[in-house]
Amino acid sequence: MTERPVLYLVVCAAGPAEHIDELVDLLITDGWRVCMIVSPTAAPWLDRAALQDKTGYPVRVEWRMPGDPEPHPPADVVVAAPVTFNTVTKWALGINDTLALGVLNESLGAGLPIIAFPHTKAELAAHPAYAGHLAVLRAAGVIVADGKPLESVNGPGRWSVVVEALRAVRPT
């Protein structure tokens with residue numbers, strides 16, 4: 001592959017999102033073209049202009065208008081980090097009410113490699129539907145990291161798990 005592969009980074013509103021710029025830096029250094037799609041709740045947490053300057057692509061929150069060109073090149077791989085209880089639940093059910101969910105649903109349907117890094121409160125993870133929703137996504141081919149891999153106590157090192165997981169699925 002002569003051009004750097006394209007990674008869609010779907011970011012939801014959980015604590016680690018406040019430091020997503022650290023992950024973006026690591027991904028770019030690791031050779032990815034990063035295109036960001038963020039949930040409407042996460043969008044105000046981020047400096048979208050700075051992230052666009054880093055990646056060279058708009059940080060998308062909303063659907064584009066019919067007939068508008070796609071602002072991102074086609075993805076090779078998709079990462080959802082952090083992904084919340086709400087997004088996991090809606091994604092497993094095929095709900096498509098935000099651009100972030102739309103990208104996750106379309107990517108799943110397209111058979112793209114997808115890696116998800118949940119970040120959910122223990123009380124929500126204990127909800128009886130949650131384990132089943134994770135199982136649905138795994139059965140569909142999504143690689144779901146176990147536990148709470150992006151725990152904030154890990155500092156900037158929290159993102160190494162994402163980079164390592166991507167190296168395992170990187171297109172050649």
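The legends below describe close-up views of a predicted model. Residues are numbered from 1 along each chain as its sequence is written, and side-chain values use heavy atoms, with hydrogens and water left out. Because the model is predicted, local features need pLDDT of at least 70 and side-chain atom pairs count only at pLDDT 80 or more, whereas totals for chains, interfaces and linings use all residues.

**View 1. An open sheet is formed by 5 strands in the order β2-β1-β3-β4-β5, with parallel pairing.** Helices (H or I, at least four residues) and strands (E, at least two) are DSSP runs numbered from the N terminus, and two strands pair if DSSP finds at least two bridges between them. At the edges stand β2 (33–38) and β5 (143–144), each of which pairs on one side only. In general, the strands of a sheet pair through backbone hydrogen bonds, either parallel or antiparallel.

**View 2. Strand β1, residues 6–11, is joined to β2 in the parallel sense over 6 bridges.** Within this pairing, leucine 7 stands opposite valine 34 of β2. Of the 6 residues in β1, 6 are buried, where buried means under 20% relative accessible area, exposed over 50% and partly exposed in between, with a 1.4 Å probe and protein chains only. Val6, Tyr8 and Val10 lie on one side and Leu7, Leu9 and Val11 on the other, so that both faces of β1 are covered.

**View 3. Histidine 72 is placed in the loop between α2 (48–55) and β3.** This residue is buried, having a relative accessible area of 4%. A polar atom of the histidine 72 side chain lies 2.8 Å from the backbone oxygen of proline 58. Leaving aside residues up to four places away in sequence, histidine 72 touches Tyr8, Cys35, Met36, Ile37, Tyr57, Pro58 and Arg60, a contact being heavy atoms within 4.5 Å.

**View 4. Helix α3 (residues 85–93) and helix α6 (residues 130–139) have axes that come within 9 Å and cross at roughly 55°.** Axes are lines fitted to C-alpha atoms, for helices over the stretch in contact, and angles run from 0 to 180 degrees between N-to-C directions. The two helices, α3 and α6, are therefore oblique to each other, since angles under 35 degrees count as roughly parallel, over 145 as roughly antiparallel, 65 to 115 as roughly perpendicular and the rest as oblique. Among the residues that meet are Phe85 and Trp91 in α3, and Tyr130 and Leu134 in α6.

Terms used. A polar contact is a pair of N or O atoms within 3.5 Å; within protein, one must be able to donate a hydrogen and the other to accept it, and residues adjacent in sequence count only if both atoms are side-chain atoms.
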